[in-house]
Amino acid sequence: MKKLFIVLLLISTPVFAQYALKNGAMQLNAGIGFSSWGLPVYAGLDFGVHKDISVGAEVSYRSYGEDWGNSKFNHTIIGISGNANYHFNNILQVDTKWDLYAGLNIGFYNWSSPGGYGGSGNSGLGIGAQVGGRYYFSNNLGLNLEFGGGNSFSGGKFGISYIF
């Protein structure tokens with residue numbers, strides 16, 4: 001009977017794999033983005049609200065130059081956004097070193113351009129979607145890669161994640 005229990009425990013262990021950001025935990029994310037309008041940098045916090053769901057907030061900054069006519073203009077974009085993600089680890093029985101997710105975001109961006117350029121303004125609220133993954137080297141530290149559209153990181157972003 002004891003041997004049967006040990007065999008069942010070993011077989012069932014992968015089924016109980018959980019998303020690395022457990023309910024009530026907090027995660028810091030930071031890194032760089034890639035897009036056609038400069039190189040954005042970002043920092044954000046995610047909160048585990050369910051074993052498969054997280055919500056978060058993020059700030060971003062980017063600066064880029066543009067040649068228009070015979071002039072060069074420097075622009076900056078500052079953004080703030082919120083996100084919600086569904087994590088597929090439990091449903092797909094993914095190893096706990098990985099975190100695979102997809103979700104939606106909503107954000108607001110402010111463009112600042114020099115005088116004489118008609119590009120300054122605010123984005124209003126914008127909705128986007130993202131799909132991404134993380135690989136954890138330890139219980140707390142990992143790398144993240146995310147692709148998305150409809151937001152400041154329409155190309156994607158790459159960075160680190162740290163769980164508190």
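Setting aside neighbours within four places in sequence, E146 touches Y101, Q130, V131, G132, G156 and K157, a contact being a pair of heavy atoms within 4.5 Å. The model behind all this is predicted, so to speak of local features takes a pLDDT of at least 70, side-chain atom pairs count only at pLDDT 80 or more, and totals for chains, interfaces and linings use all residues. Numbering starts from 1 along each chain as its sequence is written, and side-chain values use heavy atoms, with hydrogens and water left out.

E146 sits in strand 7; strands here are DSSP runs of E with at least two residues, numbered from the N terminus. With a relative accessibility of 12%, E146 counts as buried, since the label covers anything under 20% relative accessible area, whereas exposed means over 50% and partly exposed lies in between (1.4 Å probe, protein chains only). The E146 side chain also makes a polar contact of 2.6 Å with the side chain of Y101. Such a contact is a pair of N or O atoms within 3.5 Å; within protein, one must be able to donate a hydrogen and the other to accept it, and residues adjacent in sequence count only if both atoms are side-chain atoms.

Next, the empty space. Rolling a probe the size of a water molecule over the atoms shows where such space is left. Searching the whole structure turns up two cavities of 30 Å³ or more. A cavity is a set of points, on a 1 Å grid over the protein atoms alone, where a 1.4 Å probe fits but cannot get out, and its lining residues have an atom within 4 Å of a point. Grid points are joined across faces, edges and corners, and the volume is the space filled by probe spheres set on the points. The largest cavity comes to about 190 Å³. Its lining runs to 20 residues, with E58, N83, N85, E146 and K157 nearest the centre. Two or more lining residues come from each of strand 2 (41–50), strand 3 (53–68), strand 4 (71–87), strand 5 (98–112), strand 6 (121–136) and strand 7 (141–149). Strand 2 gives the largest share, four residues. Sorted by class, the lining has six nonpolar, nine polar and five charged residues; Ala, Val, Leu, Ile, Met, Phe, Trp, Tyr, Cys and Pro count as nonpolar, Asp, Glu, Lys and Arg as charged, and the others, Gly among them, as polar.

Back to strand 7. In a regular strand the side chains alternate between the two faces of the sheet. The covered face of strand 7 holds G142, N144, E146 and G148, and the uncovered one L141, L143, L145, F147 and G149. Strand 6 pairs with strand 7 in the antiparallel sense over eight bridges, where pairing takes at least two DSSP bridges. G133 has L145 as its bridge partner in strand 7, and four residues lie between the two strands of this hairpin. On to strand 8 (residues 156–163): six bridges join it to strand 7, again antiparallel, with L141 opposite Y162.

Strand 8 also runs antiparallel to strand 1, joined by eight bridges, and F34 is partnered there with G156. Strand 1 (residues 26–34) is tied to strand 2 by seven antiparallel bridges, with G31 opposite Y42.

Methods. 1 Å grid on protein atoms, 1.4 Å probe; cavity = no way out; pocket = protein on both sides within 12 Å on 5 of 7 lines; lining within 4 Å.
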